[in-house]
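Here's a quick tour for anyone new to reading protein structures. Take a look at the picture first, then we'll walk through a sheet, a helix and a couple of residues.

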Amino acid sequence: MGLTVSEMAARLTGWGDLVWGNREPSIPASQVAGYASQGKDLGGPLTLSDALYFTAQSPEPTYWRGDTYNRYDGRKWEADPSIRKPVKLSEDLSGILPYWERPSGDKLVQTLTFEQDTPIQSVLSGGIITSVKEIHFSKERGTPRLAVDRLSETVSLQGERAVSGYTIETLYSQPEEQSLRSATNNDPEYMKEMYLQLPEQLPLRVRDLAREITLDAVNRYEKAKAIESYLEQNYTYSLQTSVPPEGKDFTDYFLFDTKEGYCVHFATTMTVLLRSEGIPARYVTGFAPGERVAGTVDRYEVAQKNAHAWVEVFFPGQGWVLFDPTPGFSIEQMSTPPLVGDSGSAGLKYWNSLWNSMIYGAVKVLFLITAIGPVMFGGVLLLVLPILVAVVYQIPTVRQSLAFLRMARTIAVSGREGLVSISVWVWDKLQRRFGDLEKGQTMRQYVNALSIADAEFRAELEQFAQRWERAAFDDEPWSRTEKALFLRQCIRIVKKLA
């Protein structure tokens, strides 16, 4: 059960005092489960809330970018004071943002509607804001004043203003991998000063680990991916954490002592490891994409539990590029085209495409018979038939892959029903191989009764059955790491039984 709004307000304060004295948090403390305020040590335990924070309309699923931080003191993040340029509502900001060079991307129009009137500072966006088209607010207090921070590439509202929603135009780009691989290391000097900062007392073993992880990487992109993968694969997602003991560095404590944490731990650590290798990086807070509203193609519900932190890495000529080392999240999944409608629609789209291809193929066959005659066509068919059989044989595998792809996109925020749903493929494969469940037999009893000589595979199936029972019958929440591990286990078992 998540914290109530008042409980969270009592535990968490703002994200920081940045420019205007005691600046209010960009997201109200009562609505954020995931960030210690600026000036407070990182790493305290958290309880997530399922309460809806806002609904977004966007042609693409995107991370919702809030604030960026550049200064790490070994215990917390801070942002250097910056000069903010006042701008007007509906003003074209394309001459101001993006500040850092980047290739042209797609222009997205995004609308956020908050569940309740919400005081905000930073305007959450799925890209670099090029115009704030509209803001919904109480007119009794006048029109909100906007300001741009060019270095962080963010837009903020000045003063404490509660808004019910807004519409923005953003520049959204996902650079090609090859472009990132070929990027140079010619960073401007002021870039190095701002985004390579590390505390003098950072333990040497942190820098040594960064060097070890990236030893075989030949460019900046490979180094970033190596660090991202290392953290995802070797550390566990957990909300039951603690602030490091006095005098201990937050990153060092996570890497070598606790080895578990949530997004703040993973994003902070990746940023520090990158900087240790001379790669400019910054820490970013905001929200994960949320869950697509069933029956829609462009609406997403973002809950308080989706509060998130990630990393932006600078590539000369490409600008700042998003990386997310937290288990259960994947930037690659974001580039997958949106699935139309509900969870079954991707399969429907696939079968419609297959049917159209079959019709088109049949027409071509008729033309071919007319052109070369039935005898010659029979000879051609004998050559082609094995290929056709192979294609038909692969159809179930394609459907299965689609199902796993859909689940991978939402595994981090899926409920128990999503976990149970993805396990259907495992039970189907098991019963095809070993026979149906007997009347009155439980799933665990079924697995324990299977005749399997491979001891390792038997242990995997027994563990799967235990996890399935937990997903089906136990209300205890799953961590993102546990969900990701369950999905990977399902995939392994299905491949083993193929």
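A helix here is a DSSP run of type H or I with at least four residues, and helices are numbered from the N terminus. With that in hand, we can say that Arg 458 sits in helix H13. Keep in mind that this is a predicted model.

**The sheet**
- Four strands make an open sheet, running in the order E2-E12-E15-E16 with antiparallel pairing.
- At the edges you'll find strand E2 (64–69) and strand E16 (319–323), each of which pairs on one side only.
- Neighbouring strands in this sheet are turned by 40 degrees against each other on average, if you ignore direction.
- In general, strands of a sheet pair through backbone hydrogen bonds.
- Zoom in on strand E12 (residues 281–287) and strand E15 (residues 307–315): they pair in the antiparallel sense over seven bridges.
- As an example of a bridge, Ala 281 has Val 313 in E15 as its partner.

**Helices packed on the sheet**
- Helix H5 (residues 220–234) packs on the sheet and touches E15 and E16, with its direction at about 25 degrees to that of E16.
- Helix H7 (residues 263–276) packs there too, touching E2, E12, E15 and E16, and its direction makes about 15 degrees with that of E15.

**Thr 214, in a loop**
- You'll spot Thr 214 in the loop between helix H4 (204–213) and H5.
- Is Thr 214 buried or exposed? Its relative accessibility is 3%, and buried means under 20%, so Thr 214 counts as buried.
- A polar atom of the Thr 214 side chain lies 2.8 Å from the backbone oxygen of Ala 210.
- Setting aside residues up to four places away in sequence, Thr 214 touches Lys 223, Ile 227 and Glu 277.

- Asp 454 caps the N-terminal end of H13, with a side-chain oxygen 3.1 Å from the backbone nitrogen of Glu 456.
- Several residues of H13 are buried, including Phe 457, Leu 461, Phe 464 and Trp 468.
- Back to Arg 458: leaving out neighbours within four places in sequence, Arg 458 is in contact with Val 447, Asn 448, Leu 450, Ser 451 and Ile 452.
- From C-alpha to C-alpha, Arg 458 and Val 447 are 8.3 Å apart in space, and they are 11 residues apart in sequence.

Technical notes
Residues are numbered from 1 along each chain as its sequence is written. This is a predicted model: local features need pLDDT of at least 70, side-chain atom pairs count only at pLDDT 80 or more; totals for chains, interfaces and linings use all residues. Side-chain values use heavy atoms; hydrogens and water are left out. Two strands pair if DSSP finds at least two bridges between them. Helices (H or I, at least four residues) and strands (E, at least two) are DSSP runs, numbered from the N terminus. Axes are lines fitted to C-alpha atoms, for helices over the stretch in contact, and angles run from 0 to 180 degrees between N-to-C directions. Contact means heavy atoms within 4.5 Å. Buried means under 20% relative accessible area, exposed over 50%, partly exposed in between (1.4 Å probe, protein chains only). A polar contact is a pair of N or O atoms within 3.5 Å; within protein, one must be able to donate a hydrogen and the other to accept it, and residues adjacent in sequence count only if both atoms are side-chain atoms.
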